[in-house]
Protein chains: 2
Amino acid sequence: MMKFIRVDMTTLSSTTTDVPEKYAGLGGRALTSNFVNDEVKASCHPLGRNNKLIIAPGLLSGTSAPNSGRISVGAKSPLTGTIKESNSGGSSSQMLAKMGIKALVIEGMPKGDKFYIIKVAMDGVTIEEAPEKILNGCGNYDAIKILNEKYGDHVGMALAGPAGEYRMPSANISFKDPDGNMRSAGRGGLGAVLGSKKVKGIVIDPTGAGNVPIADPEAFQAASKVFAKALLDHPVAGQGLAAYGTDVLVNILNEAGGLPAHNFTAGRIDHNDNISGETMNATISERGGEGKVSHGCHKGCIIRCSQWYADKQGKYITSGFEYETIWGLGADAGIKSLDAIAYIDRAMDDVGVDSIETAVAVATAMEGGLIPWGDGEAVLKIVKGIAKGEPLSRIIAGGTAIVGKVCGLYRVPVVKDQGIPAYDPRAVKGIGLTYATTTMGADHTAGYCISGNILKVGADLDPLKKDGQIEYARAMQIGTAAVDSTGMCLFVYFGIADNPAGYQALIDMINAQYGISLTSADVDELGKSVLKVELEFNRKAGFTNLDDRLPEFMEYEPIAPHNVVWDFTPEEIDEVMKF
Amino acid sequence: MMKFIRVDMTTLSSTTTDVPEKYAGLGGRALTSNFVNDEVKASCHPLGRNNKLIIAPGLLSGTSAPNSGRISVGAKSPLTGTIKESNSGGSSSQMLAKMGIKALVIEGMPKGDKFYIIKVAMDGVTIEEAPEKILNGCGNYDAIKILNEKYGDHVGMALAGPAGEYRMPSANISFKDPDGNMRSAGRGGLGAVLGSKKVKGIVIDPTGAGNVPIADPEAFQAASKVFAKALLDHPVAGQGLAAYGTDVLVNILNEAGGLPAHNFTAGRIDHNDNISGETMNATISERGGEGKVSHGCHKGCIIRCSQWYADKQGKYITSGFEYETIWGLGADAGIKSLDAIAYIDRAMDDVGVDSIETAVAVATAMEGGLIPWGDGEAVLKIVKGIAKGEPLSRIIAGGTAIVGKVCGLYRVPVVKDQGIPAYDPRAVKGIGLTYATTTMGADHTAGYCISGNILKVGADLDPLKKDGQIEYARAMQIGTAAVDSTGMCLFVYFGIADNPAGYQALIDMINAQYGISLTSADVDELGKSVLKVELEFNRKAGFTNLDDRLPEFMEYEPIAPHNVVWDFTPEEIDEVMKF
């Protein structure tokens, strides 16, 4: 029987119980979203005593299934005011699953200014005062070192960086990865919720944990093998991502005219070679040293889209150096040096802010005249300033919508106050529908329609045309909600989208683990049910279909080179979530 | 026949037509709200090309009716996202009415960075480039002098200060008063809408204007006399406000335990004598010089609640030095010197920000650690910094909700992102219902329930009890919507609330002017119809009854000295707008 842990920060106490019956079959996002909808007062202030944060491994996490190590975090978002699930790599998901922990809930709020560490071990939960030296601006890189010294290198961690400690709207939660670096539950400001509860970090000590029980080990192994082959055989999941990382998309989106540049005023740049995945690969290879072209964010990852980006001396700068970050700083904000962007990426990880929200906020602030266009040094200084709570840094860490407000802009690329990521919805229509309708605010990972629009994986749609996009955006969001519940990395989709055997293998692994017999229809129903509880929460929180809209300027500002506008009608947009 | 002027800033042209039939019987707020609901796309970005700004005198403006010189400004608000009507004293309302101008609409948006002056004269409208020297941070006091030199002392003006020019969410519109100082359409950021249209100011030259036609001059004069007597005979309207200004309320609210202090953590202060209306009166009287205890914000005002507050040398610092401003800086932010508050008030007028929003934002920023508690010098510097667009100044000029976000606070006193003014809703329950349900975001002037709860004018309710408050808040909002349509100052309410003859005289003046025969039931219907169109706009803009809520912390933080919480249920709150 798995455990369900609740930590009450008001009383600084915890309870461990069996998993409530209704959550028994759920994991990852299915669990976090159901829990938030069940227990969080939808009208609550996200940083007040009535919000709750839940951390849950996916259904397959902790097993030998490839790429199953994602961890989900749920709460009401301080950035968007909606329900939020943000997931991350790192070691915590597998550790918690092996420790038999279905979920860790943090609720309440202590009196006073002290910060705490929640330590989760096989013999129970302890709540300890956080060491003074990891507070008041200490970066995540140092905090991990200090906590490693105190608790041992073997522990997992989830940390609120300075941004989370200060409860900034774009604060992420940083999960320690197998190398002692960080992976982020980036979007939606969940680090601020952790900070509001005065939790500086969660330390997970898996000493004594066993293996995740598998009902039918042989069937599991067989399915796992088919699944792994499906991933490795696919040109994107098995080759492209490992060679060039997600940054492979710079040239692809630039070619497609869907790479938003200069705060979404154009869809193509000339300096794509400065920041492309091909250049990143070449740079890492040339420099040698600690650099690695390919690397996994958690044990058992066989896609290995991450990398270690090193400086000219071969010294590690950052890892998990993603396309969306590089796009935001490199194309949207016009910073033309990959090294400059890498240092900013490191600083963002160190202070603990979502690199997408921050990059979009930076480009918007450049339009607003707060930062010179393309000035990487200025941006680095501002991001570092978040640790000191400097005013301009607070504006940026407030997120894109806040930047738009204080600069008096109407060209503010957000949906539900969350910054629009790296794919222009005018030139890639399907992803625009995801941005508009997802329960989470603009988020490409909620239904990655780039796949069928641009990569031609799983579907073949004309990105400039509306045909078929509504059905596709709906299907992608339903499928994603299911995948986000398994602990699987979203990129497994590439391997199974056009490979029925691969998809069946994913279901077979779940069935073999739990001794059940789900069908693909059941998985579809799971995805739908997750979206439905999320929509229910948002309705209770005051959101309506009128919030499911892209920024108005996209309706009348054509984007080059295709000179297209956002032309879905409100009625068409509202079709997406009808199922 | 009156004129209806439209200025299209996209083409830099204007058209003057007869008043559209449907607007013929409307004035002030009734006209602005109907127009905004009819013509502004509710989903538009408030600072984008599809918002429209409308300026309209009240039904009685320009006549000899006492206190009828208020001007209404309407648009979609950049601060709240709702419909907004903000009204002001000054000379513009009477000038426009005498010029036969029913309304001035500003729509569209020019290309480029140039700012313009719209000049309205009897021979038509001209659109001229704004003088360079009134741009880029020039304060309103200097701008008025420069424009007086250019256009003559006799002109009226509506200005976007530096805050409006930079399109900050708390930017007001400053109307020149008969003394060449300023009166503000303060709330809701309408100055930013003016700025977004690149209109630095509107200059109104009434040369050649006649008198407002009156259908039955004798009846008008007779009614006007009764009305004036009703005002002058009332202890509040005829004496209290003239002697002590609105600041008379410091001691009254402090005694009632409803004076929010230290960012709404208590309802009473010890240093009330430092900032009270009695002290203000004594200080002005002692200092002599340019100081005036009592003064009107427009010609024909007989209540004279304004004053000129002078420094120790008797030199003018500020006028229209209101209770809500003094409360916000003096009690909520703890600045204990009336002189310090006066200099900040002057600076707020000079940069053109709403003094209520700014004061509430300042107190919230003090809780957030951005400004030391009670530090008037720091606040003065920050307010002046708005003219330079400094980051911390931008945060404050972003308004209270923005301050709450960048400081990660849950104790953020706003409704619909507008700062809650000077009366604690836990200790004065009726005003809480107005804050929650008005179409405008937290605003005491939308239904001034202080009257029947504290002043015992027009009603006699226990401020700590729920009994009768729902009906009262509804009636006050309906009545206010009607009064706001007449051009009358809201304070006429004190004179007519308990004086049926005074109220009838107000209706008689309208009837005599227009040759019609409205009854009190018609006036009631007018008020209801105004609220209905405002609610309709807000519904189309995405607001629901779930937005009609006070900040959650007021539900669980009791306020001293009465130790009361906000205890209206959502269902009870939703009753207010049912009529």
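**Close-up 1. Antiparallel pairing of strands S9 and S10 in chain A of the predicted model.** Strand S9 (residues 156-160) of chain A and strand S10 (residues 173-176) of chain A are joined by three bridges. Leu159(A) has Ser174(A) in S10(A) as its bridge partner.

**Close-up 2. The six-stranded open sheet of chain A.** The strands follow the order S8-S7-S12-S9-S10-S11, and their pairing is mixed.

**Close-up 3. Packing of helix H1 against helix H22 in chain A.** The axes of H1 (residues 28-39) and H22 (residues 520-540) lie 9 Å apart at an angle of about 30°; H1(A) and H22(A) are therefore roughly parallel to each other. Their crossing is left-handed. H1(A) contributes Arg29(A), Ala30(A), Ser33(A), Asn34(A), Val36(A) and Asn37(A) to the contact, and H22(A) contributes Leu526(A), Val530(A), Val533(A), Glu534(A), Glu536(A) and Phe537(A). By class, six residues of this contact are nonpolar, three polar and three charged.

**Close-up 4. Packing of helix H19 against helix H22 in chain A.** H19 (residues 469-483) and H22(A) pack with their axes 7 Å apart, at an angle of about 95°, which makes H19(A) roughly perpendicular to H22(A). On H19(A), the contact involves Gln477(A), Ile478(A), Gly479(A), Ala481(A) and Ala482(A). These meet Val523(A), Asp524(A), Leu526(A), Gly527(A), Lys528(A), Val530(A) and Leu531(A) of H22(A). The contact of H19(A) with H22(A) comprises seven nonpolar, three polar and two charged residues.

Methods: Residues numbered from 1 in each chain as written. Chains lettered and ligands numbered in written order. Predicted model: local features only at pLDDT ≥ 70, side-chain atom pairs only at ≥ 80, totals over all residues. Axes fitted to C-alpha atoms, helices over the stretch in contact; angles between N-to-C directions. Helix = DSSP H or I, 4+ residues; strand = E, 2+ residues; numbered from the N terminus. Parallel < 35°, antiparallel > 145°, perpendicular 65-115°, else oblique. Left-handed = near helix turned anticlockwise from the far one by under 90°. Contact = placed C-beta atoms within 7 Å. Nonpolar A, V, L, I, M, F, W, Y, C, P; charged D, E, K, R; others polar. Pairing = 2+ DSSP bridges.
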